[in-house]
Amino acid sequence: MPDSPAARETIAAGRAFLGIELGSTRIKLCLIGDDPATVIATGSHDWENQFVDRLWTYSLDDVWTGIRAAYADLLADAERRHGVRPETFGAIGVSAMMHGYLAFDEGGELLVPFRTWRNTNTGPAAAALSELFGVNIPLRWSIAHLHQAVIDAEPHVPQIRFLTTLAGYVHWKLTGRKVIGIGDASGMFPIDSATHDYDADLLARYDGLAGRTGDAASGNAAAGDGTSGAAPRASAPLRDLLPEVLVAGQTAGELTLEGAALLDPTGALRPGALRPGALLCPPEGDAGTGMVATNAVAPRTGNVSAGTSIFAMIVLEHPLAEVHHELDLVTTPAGDPVAMVHCNNGASELAAWAGLFGGFATAAGAPLDADAVYDALFSAALQGEADAGGLLAYNYLAGEPITGLEEGRPLVVRAPDSRFTLGNFMRAQLYGVFGTLALGMRVLDDEGVALDRMLAHGGLFRTAGVAQRFLAAALNTPVSVGETASEGGAWGMAVLASFAAARSELDLDLDLDLDPDLDLDTYLRDRVFDRATVETAAPDEADVVGFASYLDSYSAGLDIERAAVTSLLPKGTNA
């Protein structure tokens, strides 16, 4: 726990930095002080997406209910630890799951329910745009969702006046500004790293496509339905619909009175101590905050973020030689190019099994809390065989573009001669979390992308040395985990808020002995991670061989998953 007197003074003076992250299953808040590496309070709220009309969504009411609940939890934690509740902040940052589709009309009303990154209905649009742009446009990207709405002739399209991500939406409501961090923007539309803005040539290409009529405009040729006629299209050039792009360290607005009321309806949250309202940094996606949380924003560094989804981010030294459907080309929060291997399915199925075993413990009269359940199951996995004893586990709750699946069905598969033990079962589950990621990472190996270090973060790594060891085997490279790994993106967002505050103080020409050339990589190395404790796991040779055997069987068994998608329809679905 931080030194309470120092933390108390920081909180009371309004100098603490607040990070807000809306993850797939948890909204988490993190408060840091003058030492960005030290967490002084946290708050959280669990939530879940809904599958409505065959689309994954969250209601905007749930967004604000969850944020307010997590904020109240953070206030209570600060008072419990330090005897004081924050009433203002030095700076605030908002992060959320990337991609997806939030479309608003002229009056700021949501036109259709929020469509999340998890949806895989955008195949025709993604294929057409990938061909048009000459770069891979994944199914998750906002532009793919928009163009799919055009293809499907959805009537709301001409009414669109603003498109944004979840982080961009929350930031807009807190500040009144329609801006976005460059990392999050790079999951909306391709970015030109030289200009730190949307690629102007590709914007013009899209406007040309949207301006044409008939099959070419609507994308019907890509859809293959042979229809013709004018497609509904937005009433403005695409750039006018997208949020303004900002890079890390820039000021992205101030907390308004209306925004403060959204966070804290009690009215206790007041303007900032040094400014009319607390400064906000550019809103970012969970990929960007993951890079910050692992100090992986420089070329030849990479990180893996494990949650509901799992993805690897590799900061590139040079452009890739070819276009690969397995890879997104995105950016760091500072705008440097990144290759991203994104898998829709991460640790959710593992969490479901942990819940089942926790329920068994309760039924047996020996209840365990969640951390104890995970510790027991992960310890059992260490006793499993290197190849998981012939068991396979598919964590596909949703579709998985890397393996060509539009929907998912969680499966456990074994042959009659498989060794069905708890250790093998849990090792198979953990290997399954990393299976699709390992398939995608093979593409980077083929491109000759070099890595100096790979870091990992997320709650999956809270049990020391287990998931980290298996990830090292899956990637056949050393994997490091820091002390703040389990705090994840909320902490990374708080760090970005502190960086923006530092840059703002430079801009104000205050005598704070700061380097005028302060950049994000330097700030992280010298001010955040200079005393960080990092544990590194080298690949175990037996695990590497065992995981390779598991992955061969996993790849061959994908046909079983495809058959399950066809044969096992969700409840209420007509065959």
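Tutor: The largest pocket has a volume of about 1500 Å³. This is a predicted model: local features need pLDDT of at least 70, side-chain atom pairs count only at pLDDT 80 or more, and totals for chains, interfaces and linings use all residues. Residues are numbered from 1 along each chain as its sequence is written, and side-chain values use heavy atoms, with hydrogens and water left out.

Now the terms. A pocket is an open set of points on a 1 Å grid over the protein atoms alone, where a 1.4 Å probe fits, with protein on both sides within 12 Å along at least five of seven lines. Lining residues have an atom within 4 Å of a point. Points are joined across faces, edges and corners, and the volume is the space filled by probe spheres set on them.

The lining of the largest pocket counts 50 residues. Nearest its centre lie Thr25, Arg26, Gly307, Gly459 and Leu460. Several elements give two or more residues to this lining, among them the strands β2 (26–32), β3 (39–46) and β15 (301–306). The helices α2 (60–82), α12 (286–293), α13 (348–363), α14 (370–382) and α17 (488–507) do too. Helices (H or I, at least four residues) and strands (E, at least two) are DSSP runs, numbered from the N terminus. The largest share, six residues, comes from α14.

By class, this lining has 14 nonpolar, 21 polar and 15 charged residues. Here Ala, Val, Leu, Ile, Met, Phe, Trp, Tyr, Cys and Pro count as nonpolar; Asp, Glu, Lys and Arg are charged; the others, Gly among them, are polar.

Next, the second largest pocket. Its volume is about 470 Å³. It is lined by 22 residues, with Val135, Ile191, Pro319, Leu329 and Pro337 closest to its centre. β17 (328–331) and β18 (337–343) are the elements that give two or more residues to this lining. The largest share, three residues, comes from β17. Its lining has 14 nonpolar, six polar and two charged residues.
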